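Biologist: I have a structure open and would like to walk through it. Can we take it piece by piece?

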Amino acid sequence: MKTLTMYLPQFHRVIENDNWWGEGFTEWTAVRSAFPLFDGHNQPRVPLHKNYYDLLQKDTMLWQADLMKRYGIDGQCIYHYYFKDGRRILEKPAENLLNWKDVSMPFCFCWANGSWARTWSKLSGNSWADKFEKTDNKDNGNGILLEQKYGREREWKEHFEYLLPFFEDERYIKLDGKPVFAIFDTGLIPCIYQMIDYWKELSCLAGFPGLYFIGMNSLDMQKGFDAVLMNAPHMFWNLETVRRKNNVMRPDYQETWDNILKMPPIKGMKTYFGGVSDCDDSPRRGNNGVSFSGFSLDVFRNGMIGLYRKSSYLNNEFVFINAWNEWGEGMYLEPDEKNGYGYLEAIKTAKEVALDNRTKISFSFKSDSEQQDESGLKKEVEKQKMISRCFDKWMSLREDGKNICDYLLKYGIKTVAVYGIGRMGKHLFFELEDSGIEVRYIIDRRTEMHHPKYPIKGPEEKLEEVDAVIITPVWDFEHIYEKLKYKMKSKFFSLYELVDES
């Protein structure tokens, strides 16, 4: 069983951060500027010997690799930032590691696939530092810093080809010969199933038996993924019991660990579980931040003992920890002035105690009926979230004077079939009116329904070939796509993809 830690590559200067947040901004800027917001608040966090390192320096990575080896950390899961049109940021530490073959740091990637946007932008996305927002913005005025678009086969291939030299590196972490690749938010990728299939084909052509895809924090089994990672802390704190101090949210650290250890695996899916060293993102968020209540190294060590035992019981190959160096969020294992090497020593001790062969390991989870009831509720929540997200993006397109038809025409789509005559399908028919794109027919199980303009065919019937099928039940795209892709040679688009990419 390998211990992997999440790794943030933002400890070096890039011109974008200079422009967006101020000259010389790195993660250390937020860390150094922090101050206590309530009595007993452990801020600012100071690295041991004030080691505010630069990740572009080879000595820094050699030092980190040595710490990993000494304390039983088997690899880093490095955040990978890859955006629309192949735009990259914070990529230099990983690219340097690729060239520095003597740095003994096993690694894999986690694609942090959300857009970057300012807090006030109508585009939802990641904002690095709320309290560093400026009024004299040097962006395009809409608050979008780095926009995420996924494209189609050409863009997917370009992304894969960028990743391939990393996959081929002997230090890249693999399972059964397959490079491990995590995706932070799978729900943001409308074309996720086709993209994964395509990448797996490309990986086989490159000489691998495939790729090992891990989706993070998905509450349902997802086709194409090999596993899911339930990553702490956000999936495990109980918002109903959270208290506040000076508006700072204060989840209980022990309760969070209790939830990590009692959560069952996702039914039918290999499920990895992540531990958390601590959490305090007030250096980035100020009074809008989150800071654990009741943190102690004893709770961390005991929690990790339980997590190692649980993972062993589930026959899991990996244990993840959040994080190696998220200093701006208070999640790190690197030594600091207050606890010294305490976090790393806790990991080393926990591993030794938990994996002692004399210890009998057993776990009991919720009954199948309880899990089924919860699963049904979670699926409905995920469905409504996706519908809401799709309509929100669609409304933003209309506000910007854009139309999804332009995206279809870009790919030579002139004739379509629309799957679904529900409310999203009805809106789509109006969008396609007088667009130069011909709707040939509707596909829907409810063939008894009537439409004044288009015939309705059942999915089991013989279906006429068209340039593309647009699937409007976006929450069920994967099952519909799997059912139809062997019947037709047409391209398949989720409506969510159209509004997201247009």
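Modeller: One term comes first: two strands pair if DSSP finds at least two bridges between them. Keep in mind that this is a predicted model.

Biologist: Which residue of β17 stands opposite Ala417?

Modeller: Strand β16 covers residues 415-419, and β17 covers residues 438-443. Five bridges join these two strands, which run parallel. Opposite Ala417 stands Tyr441.

Biologist: Which are the edge strands of the open sheet?

Modeller: Five strands form the sheet, with parallel pairing. Their order is β18-β17-β16-β19-β20. An edge strand pairs on one side only, and that picks out β18 (456-457) and β20 (491-494).

Biologist: How many residues of the contact of α5 with α6 are charged?

Modeller: On the α5 side are Glu153, Trp156, Lys157, His159, Phe160 and Leu163. They meet Gln194, Met195, Tyr198, Trp199, Leu202 and Ser203 of α6. Seven of the contact residues are nonpolar and three are polar, while the charged ones number two.

Biologist: What residues of α10 make the contact with α3?

Modeller: The axes of α3 and α10 (residues 342-354) come within 9 Å and cross at roughly 35°. From α3, the contact uses Leu67, Arg70 and Tyr71. From α10, it uses Leu344, Glu345, Ile347 and Lys348.

Biologist: Why is helix α4 largely enclosed by the rest of the structure?

Modeller: Helix α4 runs over residues 92-99. Its buried residues are Pro93, Ala94, Glu95, Asn96, Leu97 and Leu98. They pack against α3 (58-71), β2 (75-80), β3 (107-111) and α5 (153-168). So α4 is largely enclosed because its buried residues number six of the eight.

Biologist: Last one. Is Ser311 buried or exposed?

Modeller: Ser311 lies in helix α9, residues 297-313. Leaving out residues up to four places away in sequence, Ser311 touches Met1, Asn316 and Val319. The cut-off for burial is under 20% relative accessible area. Ser311 has 0%, so it is buried.

Terms used
Residues numbered from 1 in each chain as written. Predicted model: local features only at pLDDT ≥ 70, side-chain atom pairs only at ≥ 80, totals over all residues. Heavy atoms only, no water. Buried < 20%, exposed > 50% of the residue type's maximum accessible area, 1.4 Å probe, protein only. Helix = DSSP H or I, 4+ residues; strand = E, 2+ residues; numbered from the N terminus. Contact = heavy atoms within 4.5 Å. Nonpolar A, V, L, I, M, F, W, Y, C, P; charged D, E, K, R; others polar. Axes fitted to C-alpha atoms, helices over the stretch in contact; angles between N-to-C directions.
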